[in-house]
Amino acid sequence: MLAMIEINLLPQEYRPRDSTNVPLMLTALGGIVLVCGLMFYLVSVQNELRDLEHAVDDLTKKKADLELQAKKVDALKEEIERQKSRQETIIEISQSKVMWSQKLEQFARVMGSHRNFWVNQLNLTKTAAGGSGGSTFSMRVSGLHYDLNEVAKLRDALQNDQNFFYHFTELQSYSVSRASVTGMRNATERMDFEVKLPVAVGTPAGRN
């Protein structure tokens with residue numbers, strides 16, 4: 001069988017027009033609207049993200065500034081506490097029945113007979129709250145070589161000097177550390193230790 005070929009001989013203006021595919025156009029239009037909406041949303045999210053990043057940077061800088069200010073405040077508080085402690089110590093010394101100028105002179109005489117020892121630091125500290133309410137005279141001492149017998153002799157000398165030890169209740173000194181030294185001809189090591197002398201509460205003023 002031969003296939004039949006249909007030919008439309010009508011002029012173009014009289015031919016029926018092809019119907020428009022409305023669903024396809026609506027789908028395409030919806031896709032365009034959706035893409036535009038997504039692009040607008042992405043731009044909006046990026047702007048919000050950029051704003052949040054700026055806010056985080058600002059907060060980070062403010063945090064660093066506040067931490068720096070807090071450190072300064074803490075340092076000032078510590079300095080105030082140190083000054084208060086010094087003031088209390090000065091007041092206590094001025095009100096003390098111990099004549100510390102004579103006490104230091106007596107201490108210097110004892111140390112003068114033990115020339116291998118020297119004092120690195122002297123402190124007069126107030127007893128912690130809840131204690132006897134007195135003070136403690138403490139010293140950090142070093143000596144040439146490592147000889148515990150010499151340390152014992154110095155401790156005994158401090159306790160046996162009645163004028164010096166009169167205002168103290170006891171001598172506290174428990175450990176001696178050992179350290180090497182350089183640059184000395186007659187010694188290669190030294191010993192370090194601390195001596196604490198609690199001041200007797202209610203010491204009479206008549207003897208110094």
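Me: Which residues have the most contacts inside the largest nonpolar core?
Reply: This is a predicted model, in which local features need pLDDT of at least 70 and side-chain atom pairs count only at pLDDT 80 or more, while totals for chains, interfaces and linings use all residues. Residues are numbered from 1 along each chain as its sequence is written, and side-chain values use heavy atoms, with hydrogens and water left out. A nonpolar core is a set of buried Ala, Val, Leu, Ile, Met, Phe, Trp, Tyr and Cys residues joined through side-chain atoms within 4.5 Å, where buried means under 20% relative accessible area, exposed means over 50%, and partly exposed lies in between (1.4 Å probe, protein chains only). The largest such core has 21 residues, and those with the most contacts inside it are Phe117, Phe137, Phe168 and Leu197.

Me: Which elements give two or more residues to this core?
Reply: Helices (H or I, at least four residues) and strands (E, at least two) are DSSP runs, numbered from the N terminus. By that numbering, the elements that give two or more residues to the core are H2, S1, S2, H3, helix H4 (162-165) and S4.

Me: In what order do the 4 strands of the open sheet stand?
Reply: Two strands pair if DSSP finds at least two bridges between them, and in this sheet the pairing is antiparallel. Strand S1 (117-126) and strand S3 (176-180) each have a single partner strand, so they stand at the edges, with one side of each left without a neighbour in the sheet. The order of the open sheet is S1-S2-S4-S3.

Me: What is the bridge partner of Gln121 in S2?
Reply: S1 and strand S2 (residues 135-144) run antiparallel and are joined by 9 bridges. For Gln121, the bridge partner in S2 is Arg140.

Me: At about what angle does helix H2 run to S1?
Reply: Axes are lines fitted to C-alpha atoms, for helices over the stretch in contact, and angles run from 0 to 180 degrees between N-to-C directions; contact means heavy atoms within 4.5 Å. Helix H2 (residues 100-112) lies across S1 and S2, and its angle to S1 is about 155 degrees.

Me: Which strands does helix H3 touch as it packs on the sheet?
Reply: Helix H3 covers residues 148-160, and its direction makes about 25 degrees with that of S4 (189-198). Two of its residues, Glu150 and Lys153, lie 3 residues apart, about one turn of the helix. The strands that H3 touches are S1, S2, S3 and S4.

Me: How far apart are the closest N and O atoms of Glu150 and Lys153?
Reply: A salt bridge is a side-chain nitrogen of Lys or Arg within 4 Å of a carboxyl oxygen of Asp or Glu, and by this rule the count comes to 4. Glu150 counts as partly exposed because its relative accessibility is 27%, and Lys153 counts as partly exposed at 49%. In the salt bridge between these two residues, the closest N and O atoms are 3.5 Å apart.

Me: Which residue meets Glu189 in a salt bridge?
Reply: The side chain of Glu189 comes within 2.9 Å of its partner, N to O, in a salt bridge with Arg178. This pair links distant parts of the chain, with Glu189 in strand S4 and its partner in strand S3, 11 residues apart. At 54% relative accessibility, the residue that counts as exposed is Arg178.

Me: Is Asp192 buried or exposed?
Reply: The side chains of Asp192 and Arg190 meet in a salt bridge (3.0 Å, N to O). Because its relative accessibility is 17%, Asp192 counts as buried.
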